[in-house]
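Hello,

Here is the structure for your files. My notes on the ligand site and the cavities follow.

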Amino acid sequence: MDLGIAGRHAVICASSAGLGHGCALHLARAGCSIVLNGRDEEKLEQAAAVLRKEAGAEVTAILGDITERKTREKLLSVKPVDILVNNAGGPPLADFRDLSDEDIHRGLNSNMVTPIMMVQGVIDGMVERGFGRIVNITSASVLTGIPKLDLSSGARAGLTAFLSGVARQVAGSNVTINNLLPGNFDTDRQDAIIANIAKQAGKAEDEVRKARESSGPAGRFGTPDEFGAACAFLASTHAGYITGQNLLMDGGAFTANF
Ligand SMILES: NC(=O)c1ccc[n+]([C@@H]2O[C@H](COP(=O)([O-])OP(=O)(O)OC[C@H]3O[C@@H](n4cnc5c(N)ncnc54)[C@H](OP(=O)(O)O)[C@@H]3O)[C@@H](O)[C@H]2O)c1
């Protein structure tokens, strides 16, 4: 399907690996110019090379921490932004009792404040030009709390509620804001979570991985490729009448009827 966004400019935060990279790859295949971002230079350059090779895309790689203002300004300075994918690393697993003041502020900054700042940076230009697509990578934990990821759940729920009202303010200008809610996806973060659980439980990582894979109805993890395809659809011209929505991608794990 032609997504109708060839020639559009897309900024994907925290995109040198995992779900962000899956989004960047699909947007590049749809013909967008891409701004990639990450904190590790080698990983970032390798990720940019994949996009150039697989999609022939124009890629600008911006090294830096997305929670820092100077990095955000660099990401937004390349060209007027048509498509923004908000993403950042999630907080590590922790009992909420053990979170320090600093931990809590860091988590809120990464997963709520930073994406809001990015939206502030792009929204008026999108409204003026009459086209904009914002996709926020949040989490299934917005819908159902996950023990030891309480900080992540709270920050992302705050972001969701904040942007719900904003989405309605700009819908009339062909600017949409939607959220993608990953369940369990096969990424470096998944590996880190598996390693943490295995260590705490004194089990082999392989055993923990298999148990997590088979715990949901789909019997497997999702892939960054599947995630990126959904992101590119929400960023497409076809999705102009979808806004303020939360698309759960969890292979059927969350068992609500509606
Ligand atoms: N995978 C899942 O199953 C899952 C489920 C629910 C929610 N999520 C959430 O979805 C988001 C993406 O997850 P993922 O699995 O793709 O993570 P990942 O595999 O750890 O990849 C994260 C990517 O973001 C970059 N990054 C992290 N923090 C950054 C920062 N502050 N500034 C710039 N770049 C940063 C990383 O590169 P550098 O480290 O080099 O910067 C890497 O490229 C996270 O917020 C995660 O909590 C994931």
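Which element supplies the largest share of the lining of the largest cavity? It is α4, with 5 residues.

First, the ground rules. This is a predicted model: local features need pLDDT of at least 70, side-chain atom pairs count only at pLDDT 80 or more, and totals for chains, interfaces and linings use all residues. Residues are numbered from 1 along each chain as its sequence is written, and side-chain values use heavy atoms, with hydrogens and water left out.

**Cavities**

The structure holds 2 cavities of 30 Å³ or more. A cavity here is a set of points, on a 1 Å grid over the protein atoms alone, where a 1.4 Å probe fits but cannot get out; lining residues have an atom within 4 Å of a point. A volume is the space filled by probe spheres set on the points, with grid points joined across faces, edges and corners.

The largest cavity has about 90 Å³ of space. Its lining counts 14 residues, and N86, N87, A88, S110 and P115 lie nearest the centre. Both α4 (101-129) and α5 (150-170) supply at least two lining residues. Helices are DSSP runs of H or I, at least four residues, and strands are runs of E, at least two, numbered from the N terminus. The lining splits into 7 nonpolar, 6 polar and 1 charged. Ala, Val, Leu, Ile, Met, Phe, Trp, Tyr, Cys and Pro count as nonpolar, Asp, Glu, Lys and Arg as charged, and the others, Gly among them, as polar.

The second largest cavity has about 40 Å³. Its lining residues include P91, P92, K148 and D150. They divide into 6 nonpolar, 1 polar and 2 charged.

**Ligand**

The ligand has 29 residues around it, the closest being S16, R39, A88, F185 and T187. A residue counts if one of its heavy atoms lies within 4 Å. The shell holds 8 nonpolar, 14 polar and 7 charged residues.

- A ligand oxygen is 2.9 Å from a polar backbone atom of A17.
- A ligand nitrogen is 2.9 Å from a side-chain N or O atom of D65.
- A ligand oxygen is 3.0 Å from a polar backbone atom of G183.

The protein covers 90% of the 890 Å² of accessible area that the ligand has on its own (Shrake-Rupley, 1.4 Å probe). α1 (18-29), β2 (33-38) and α6 (188-201) each give two or more residues to the shell. α6 gives the most, with 3 residues.

Why does the ligand lie between domain 1 and domain 2? Because domain 1 (9-183 + 224-246) and domain 2 (184-221) both give residues to the shell. The bounds come from an automatic or database domain assignment.

Best wishes

Notes:
1 Å grid on protein atoms, 1.4 Å probe; cavity = no way out; pocket = protein on both sides within 12 Å on 5 of 7 lines; lining within 4 Å. Polar contact = N/O pair within 3.5 Å; in protein donor to acceptor, adjacent residues only side chain to side chain.
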